[in-house]
Amino acid sequence: MNLDAKIPEGPIAEKWSKHKVKMKLVNPANRRKYHIIVVGSGLAGGAAAASLAEQGYNVSCFCYQDSPRRAHSIAAQGGINAAKNYQNDGDSVYRLFYDTVKGGDYRAREANVYRLAEVSNNIIDQCVASGVPFAREYGGQLANRSFGGAQVARTFYARGQTGQQLLLGAYSSLSRQIGLGKVTMYNRHEMLDVVKVDGHAKGIIVRNMATGEVSRHAGDCVVLATGGYGNVFFLSTNAQGCNVTAAYRAYKRGAGFANPCYTQIHPTCIPVHGEQQSKLTLMSESLRNDGRVWVPKSAETAQKIREGKLSGNDVPEDERDYFLERKYPSFGNLAPRDISSRAAKEACDEGRGIAATGLGVFLDFRDAIKRDGRKAIEERYGNLFDMYECITGDNPYQVPMMIFPAVHYTMGGLWVDYNLESTIPGMFVGGEANFSDHGANRLGASALMQGLADGYFVLPYTVGNYLGEQGVAAAGQITTEHPAFAEVEADVKARIDKLLSINGTESPRSFHKRLGQIIWEKCGMARSKAGLQEAIQEVQALRKEFWENVRVVGDADGINPELEKAGRVADFMEFGELMCRDALMREESCGGHFRVEHQTEEGEAKRDDENFSFVGVWEYLGDDAEPGLHRESLIYENVKLATRSYK
Amino acid sequence: MEKTMNLTLKVWRQKNAATDGQFVEYPLKDVSEDSSFLEMLDILNEELVEQGKEPVAFDHDCREGICGTCSMTINGTAHGPQRATTACQLHMRHFHDGQTITIEPWRAKPFPVMKDLIVDRTPFDRIMQAGGFITGRAGSAVEANAMPIPKGTADYAMDAAACIGCGACVAACPNASAMLFTAAKVAHMNSLPQGKPEKDRRALAMVTTMDGEGFGGCTNIGECEAVCPKEISLDMIAQLNRDYAAAQVKSFFKAV
Ligand SMILES: Cc1cc2nc3c(=O)[nH]c(=O)nc-3n(C[C@H](O)[C@H](O)[C@H](O)COP(=O)(O)OP(=O)(O)OC[C@H]3O[C@@H](n4cnc5c(N)ncnc54)[C@H](O)[C@@H]3O)c2cc1C
Ligand code: FES
């Protein structure tokens, strides 16, 4: 597997501009001869499809929802970062770059992160121009708030619905191109495989989820922007349809999968209510600007709260442990996510958790309301407070919120080079689906930034460069008549038939839940060698059981959510094992990956830069063979490797 | 201990667009009051699968009230009894033990039923494609703070832009009008300085497409506002009417 990252020469601040100058261009008149397939209509896919169409290429765009506007980016709440330094508080492209590399615990590729910081300002300009109603100050200027892991206020937001507004911005540009006939949109279509011709990605096989029809689509290249794989845990903050299928199918066709074990557990989610739970709800990190996180100092008090004999408000000040403020005085409640989550878990492990299940800590707005008044808090977080009350039945203006960490984001993803091209030539990967910018931990408000950076400002260049290199004579030469399409289509159909024919006794959902339990317990917030080894065996056994005993009712001709679910769970079953293998291989702790064997005396993550300063990239070698590991070394020329401290 | 309830569900079952549907009754036991409405349907579906029967098909994704995918009429009200709440955010504590709950798809001619509770809402996308955008090329935008926008204007645009495109407004309207949806989008863009250059074109194109898709006219009944999970205000419709009228007058003179 060739892992040449193709990082351009020169000083880091000049790499991207120099690279752009050197890229091959496609003459505007020739662009209409090319056809680009974009899978995904979230921030990354939607922005890429719209921008490429705007440049003159023909684009086919796919999503599994009934409208591109419903991609999961819509659910992002808190905000998007940019290095505008509107607050005059010392921000700069370099600082955003530095914070992101440090936040990622020195496991991201410097050059990519620098470019991300560099284009961050263009993103805000672009979004404002397309009508995103960001929050503003009375003077009419854009407003900012702070997010975890940064000491400057660089986060732009649209109430608690930033993702929605950014996505609607991209969707409106996409809609314009659909209206102009430059983009053909395929809603309710699920990509089930990639087609390669002479080693290059030249198409995909999709299933129309409304009619059941399986069809072939050919293009000059393929862009995957299919989001993250957090649903491998069953319970997560992701939408129900989020899947690893597109990325995993690409992996099985030769794309390297990088750092699958890097997953983010978000500290502020609503605790699990019980067995019937289907998803977890995030309470935006922005709440930690004003909310204070605490548990009682004593386990006895916590027990009384759990039993409902005492309320959080009854606990006097000196019996409260504001553990983030105590442990990380300089960042306090805004310590990064991995660190805050682990601290909450620790407090609960000590018996000081306060939800009925013992798994919860308080996020308290009492002091902020006293200081700024209820109205100010309502203005900042009104919709989040309403959402909390709607779900739990408690009023957070009166009683402290209860929160607990939950799976939220996946830093791992398909390996890509500086051009966002995977190890399959002609297959580009953007947004959460790639591994590129966040290392072992993502800072808040940086995923939206990355999705839009990839979609608006990187892919439109690098995809053009690839097409330019292929030459105009190659444009549109591969059609769905090529035998490679028939072959892959037959595989896809065989798999669907297989799922429908097993006729066992257990539902796909039930298998998914069982898989999630294994992964959460053994590959979640704390991982150990023994646990991971067990998990691999358990997942293998569960997978075997799945293929013998899953029951998929209904048929393949038409809408069948059970069949869709079964296909996704089947991929999670294989992918879960890959995740555990990656976690087992990485004998260090870094960011969201915490191996209990590797911690400092104070319980902080202990990296091993000498042996693990690399991207772990997995190559599929067959269903019965173990995957192969490849390494991309991470070389830091601009940021000095240091122990990450937020004290 | 968590409280549970037993329910009787009357659910609309329809194989596909070509066949007729009917209500089917299902008893359901031990639903936790902390469960969401869709989690309650998950339980029903798991039981149906266990009996080898096809589960109830319904659209849903985020389960956080923001993607606008979930779409069902519960006891006669789009998204159910709770004000400003989508079906996925509705929790069972608002129902009681022994209750009968009727669940059916959006009923509106422009939104044909595809299966059970799933309807086709692509007409909304086509209204957007006609004019729901601000034309501008990625990379050509000016510095974001170059054009100050009064906070009040930005807040108003945000109120309008909060629409999740679920279609409850259409389902609730006796005329199946899509005015609230269209008006919200037009109000969002037409109120911002960036959206002004295309103000007239946008209003005309979106309203024309809306009419062409078979949505009914607005007769100021107000059911749409009452069911809107994002509380989009009827004032938006008033603004659209003004923008549309002004645009028509201008286009008339231009034509002359
Ligand atoms: C609740 C929540 C809150 C968040 N808040 C923030 C925040 O405040 N700030 C921040 O920066 N980040 C936030 N994030 C993270 C951020 O929202 C996501 O990482 C980002 O939006 C992902 O964008 P994307 O374009 O990569 O993927 P998505 O938006 O997930 O889009 C994926 C697209 O791919 C399509 N797709 C997937 N699989 C297939 C398939 N097999 N076939 C066809 N199509 C497929 C889908 O239909 C969809 O269109 C949040 C995430 C969550 C879950
Ligand atoms: S499922 Fe997203 S709004 Fe209900």
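Since the model is predicted, local features were taken only at pLDDT of at least 70 and side-chain atom pairs only at pLDDT 80 or more, while totals for chains, interfaces and linings use all residues. Residues are numbered from 1 along each chain as its sequence is written, chains are lettered from A in the order in which they are written, and side-chain values rest on heavy atoms, with hydrogens and water left out.

Grid points are joined across faces, edges and corners, and a volume is the space filled by probe spheres set on the points. The largest cavity comes to about 840 Å³. Its lining counts 49 residues, with A:H72, A:S73, A:G227, A:G228 and A:E432 nearest the centre. Two or more lining residues come from each of α3 (43-55), β6 (189-197), β15 (401-410) and α13 (447-470) of chain A, and α13(A) gives the most, with four. These elements are DSSP runs numbered from the N terminus (helices: H or I, at least four residues; strands: E, at least two). The lining splits into 19 nonpolar, 24 polar and six charged residues, where Ala, Val, Leu, Ile, Met, Phe, Trp, Tyr, Cys and Pro count as nonpolar, Asp, Glu, Lys and Arg as charged, and the others, Gly among them, as polar. Because domain 1 (33-264 + 409-474) and domain 2 (267-406) of chain A both contribute to the lining, this largest cavity lies between them; domain bounds come from an automatic or database domain assignment.

The second largest cavity, at about 670 Å³, draws on both chains: of its 37 lining residues, A:P561, A:E564, A:R568, B:F58 and B:H60 are closest to the centre. α15 (508-523) and α17 (561-585) of chain A and α1 (37-50) of chain B each give two or more residues, and α17(A) leads with seven. By class, the lining holds 14 nonpolar, nine polar and 14 charged residues.

As for the chain interface, the contact (heavy atoms within 4.5 Å) takes 76 residues from chain A and 77 from chain B. About 6100 Å² is buried between the chains, with 50% from carbon and sulfur atoms; buried area is the accessible area (1.4 Å probe) that two parts lose on being put together, summed over both. On the chain A side, A:R70, A:R136 and A:Q276 lose the most area, together 12% of what that side buries. Seven salt bridges are counted between the chains, each a side-chain nitrogen of Lys or Arg within 4 Å of a carboxyl oxygen of Asp or Glu. A:R188 pairs with B:D59 in a salt bridge at 2.8 Å, N to O.

B:D59 also meets B:R121 in a salt bridge, at 3.8 Å. Chain B itself divides into domain 1 (4-115) and domain 2 (121-136 + 144-255), whose C-alpha centres lie 29 Å apart. Each of these domains puts 20 residues into the contact, and about 1500 Å² is buried between them, 63% of it on carbon and sulfur atoms.

How values were computed. On a 1 Å grid over the protein atoms alone, a cavity is a set of points where a 1.4 Å probe fits but cannot get out, and a pocket is an open set with protein on both sides within 12 Å along at least five of seven lines; lining residues have an atom within 4 Å of a point.
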